[in-house]
Amino acid sequence: MEDVKLLGTKESIFTQRIMWALKLKGICYEFIEQDFSSRSSPLLVKLNPVYNKVPVIVHDGKSLAESLVILEYIEETWPLINPLFPVDPFERASGRFWARFVDGKFYEAAKRAFFSSGETKAEGVESVVEGLHLLEGQIIGKKFFGGEKIGYLDIIIGWIAYWFQYIEEIGEFKAMDSTKYPCLHAWINNFIQLPIIQQSLPTPDVVKAVFRGFKDAAALAGAN
């Protein structure tokens, strides 16, 4: 029996990544729910004193933070159970490259499109569109980014399959287009239909409430 605990919030795209990976590996874990609106949990501060953010995984008493780091740890700790990374070294490195692209350039572009207005918003939407075009090129001819089954990169990009539609709605912009990105659209359907993914998704109302909260907080901060 493994002693695994996961601190997180079900609304968090980063927490969901770890939940998906653990479930795909068949690793039992204790989920310790955190308050999405607060980073002041004494346990969270103790286990992640640098950022005070979820997710945090605790394995045999040792804690790790940051979703990309945790996913690598999960794979290296249980490598023979439903491997998430491809065997080929080039494919593994390529997966890490695109993971950093999604968490870096694409994520920041989505934030600009969501929070900004005017020219800055338009620039953010344009960057998002460029990112979607690049991701479309990576999924052509494949069911999943990992090939015929879900893998590391699918887990990283998974938030686009569900959360992104609500980012667009609350952020009042539109970038995803099934006619422009048919392969990405097919991947979204394939990904969302997986029972292991569906089981942990927060409801649309919960997700939209979170994003509205982000918008309101940003507007309040801007007013001050």
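Colleague: What makes you say that helix H3 lies across S3 and S4?

Modeller: In this predicted model, helix H3 (residues 67–77) lies across S3 and S4, where contact means heavy atoms within 4.5 Å. H3 runs at about 130 degrees to S4; axes are lines fitted to C-alpha atoms, for helices over the stretch in contact, and angles run from 0 to 180 degrees between N-to-C directions. Residues are numbered from 1 along each chain as its sequence is written, and side-chain values use heavy atoms, with hydrogens and water left out. Local features need pLDDT of at least 70 and side-chain atom pairs count only at pLDDT 80 or more, while totals for chains, interfaces and linings use all residues.

Colleague: Which strands does helix H1 lie across?

Modeller: Helix H1 (residues 13–25) lies across strand S1 (4–8), S2 and S3, and runs at about 155 degrees to S1. Helices (H or I, at least four residues) and strands (E, at least two) are DSSP runs, numbered from the N terminus.

Colleague: Why are S2 and S4 called edge strands?

Modeller: The open sheet of four strands has the order S2-S1-S3-S4, with mixed pairing. Strand S2 (30–33) and strand S4 (62–65) each pair on one side only. From one strand to the next, the twist averages 20 degrees. For S4, the partner is strand S3 (residues 56–59), joined to S4 by four bridges in antiparallel fashion; Val58 stands opposite Ser63 there.

Colleague: Why is S1 described as largely enclosed by the rest of the structure?

Modeller: Four of the five residues of S1 are buried, so the strand is largely enclosed. Buried means under 20% relative accessible area, exposed over 50%, and partly exposed in between (1.4 Å probe, protein chains only).

Colleague: Why is Glu168 called buried?

Modeller: Glu168 has a relative accessible area of 5%, which is under the limit for a buried residue, so the term applies. Glu168 is found in helix H6 (residues 152–171). Not counting residues up to four places away in sequence, Glu168 touches Phe173, Lys174, Ala175 and Met176.

Definitions and conventions: Pairing = 2+ DSSP bridges.
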